Amino acid sequence: MTKFDYEAEIAFRSPAPGHWPEVSPADWNDPKWQLKNRVQSLEDLESRITLSEEERAGILLTGTKLAAAVTPHFFNLIDPNDPNCPIRRQVIPRIEETFDTPGEMSDPCGEDSHMPVPGLVHRYPDRVLFLVTDRCASYCRYCTRSRVVSGVGDQHLETQWEAAFEYLENTPEVRDVLLSGGDPLLLSDNRLERILTRLRAIPHIQFVRIGSRIPIFLPQRITPELCAMLRKFHPLFISIHTNHPRELTSEVRDALGRLADAGIPLGNQSVLLKDVNDTVDVQRALVHKLLLCRARPYYLYQCDLIKGSNHLRTPTRKGLEIIEQLRGHTSGYAIPQLVIDAPGGGGKIPLNPNYVVRGDDGEILLRNYEGREFLYPEVADLGTALLSYKR
Ligand SMILES: *Cc1c(COP(=O)(O)O)cnc(C)c1O
């Protein structure tokens with residue numbers, strides 16, 4: 001493996017036009033052109049990069065599982081000379097996706113059994129996940145919702161719009177709505193505006209957020225018009241999804257800047273993936289570069305037990321080692337919370353390195369990020385002192 005070059009990885013670059021030298025800048029910057037020209041077939045792929053046997057077999061089998069599609073913008077980030085390129089592993093299918101490993105599931109987070117209305121997942125007391133589309137700009141091979149996403153599998157997302165809005169109107173405990181899918185920012189400005197307007201008409205909904213990888217896959221979609229529309233619905237947060245510092249190109253940085261300038265706080269969700277971002281070097285560069293883009297690392301997910309993901313998963317101790325090597329060593333704002341979304345539907349469970357060496361009634365023994373130990377005395381009982389003072 002080549003040595004990790006921090007300075008090179010946190011530098012902002014544009015890969016455009018790369019494999020598409022003939023395209024005009026106007027077309028390149030048009031999100032419709034990007035979507036129409038996605039790399040999807042074996043032929044498209046092989047005309048641009050050399051595929052391994054595992055990839056060729058993988059792409060031939062995606063038709064009934066999760067479609068393959070990569071926007072030209074993102075495709076250009078693939079290093080054609082690196083068979084283990086961290087970008088490539090996220091979006092180019094491999095034969096291992098068809099392998100079944102014990103414990104893997106088609107609905108690893110148990111969402112289907114927590115839907116009071118089709119398309120609306122209500123797991124936690126005060127917030128819901130609202131699935132507003134089944135399409136994305138590009139398809140992540142480890143997609144936790146591949147059972148419905150991309151439209152090629154047996155199961156389909158059948159969001160019942162009117163029933164979902166009525167459920168939200170009649171459920172005052174819900175104060176937080178998370179729009180996801182698929183990718184909500186793939187909907188037109190008009191469509192999104194209608195959804196947001198309807199949600200904002202519900203007085204008990206305080207907080208709205210959108211989960212989207214569009215800023216990464218298709219930064220051209222983050223137009224000034226979209227930003228001007230979104231800012232009418234504050235407080236509105238966006239959770240982006242970035243796994244490797246190379247994904248943060250100069251186009252992506254500018255798109256995130258437009259969202260941040262519209263007053264939208266940005267959080268990032270990463271999935272810990274084998275040979276993509278499972279080292280502290282990659283994670284440090286990623287979280288630093290995210291802060292340069294004004295996006296705060298929010299969650300680092302242990303990869304869900306989605307079918308055919310064994311080749312992308314890491315041991316759970318990996319994530320803990322990475323967090324331990326970040327905490328204290330770099331800005332607190334740069335450190336995501338490591339979580340496992342519990343198999344079967346228990347929700348997100350935080351995983352943290354243990355900094356408590358021992359604790360008893362009188363004091364707690366802690367260790368710091370360097371391994372040095374410190375005693376913190378527990379709060380004293382002032383009962384007798386107070387009594388003598390009053391006398
Ligand atoms: C992740 C998730 C949420 C949001 O969880 P936060 O910890 O508040 O970010 C809500 N509902 C479901 C079903 C989720 O999976």
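Modeller: A salt bridge is a side-chain nitrogen of Lys or Arg within 4 Å of a carboxyl oxygen of Asp or Glu. By this rule the count is 28 salt bridges. This is a predicted model, in which local features need pLDDT of at least 70 and side-chain atom pairs count only at pLDDT 80 or more, while totals for chains, interfaces and linings use all residues. Residues are numbered from 1 along each chain as its sequence is written, and side-chain values use heavy atoms, with hydrogens and water left out.

Biologist: Which residue meets Arg-209 in a salt bridge?

Modeller: The partner is Asp-176, at 2.8 Å from N to O. Arg-209 lies in strand β4 (residues 207-211) and Asp-176 in strand β3 (residues 176-180), so the pair ties together parts 33 residues apart in sequence. Strands (E, at least two residues) and helices (H or I, at least four) are DSSP runs, numbered from the N terminus.

Biologist: Is Asp-176 buried or exposed?

Modeller: Buried means under 20% relative accessible area, exposed over 50%, and partly exposed in between (1.4 Å probe, protein chains only). Asp-176 has 3% relative accessibility and counts as buried; Arg-209, at 12%, also counts as buried.

Biologist: How many disulfides are there?

Modeller: A disulfide is a pair of cysteine sulfur atoms within 2.5 Å. The count is zero. For Cys-136, the closest cysteine sulfur is in Cys-143, 6.3 Å away, which is too far for a bond. Cys-136 counts as buried at 17% relative accessibility, and Cys-143 counts as buried at 16%.
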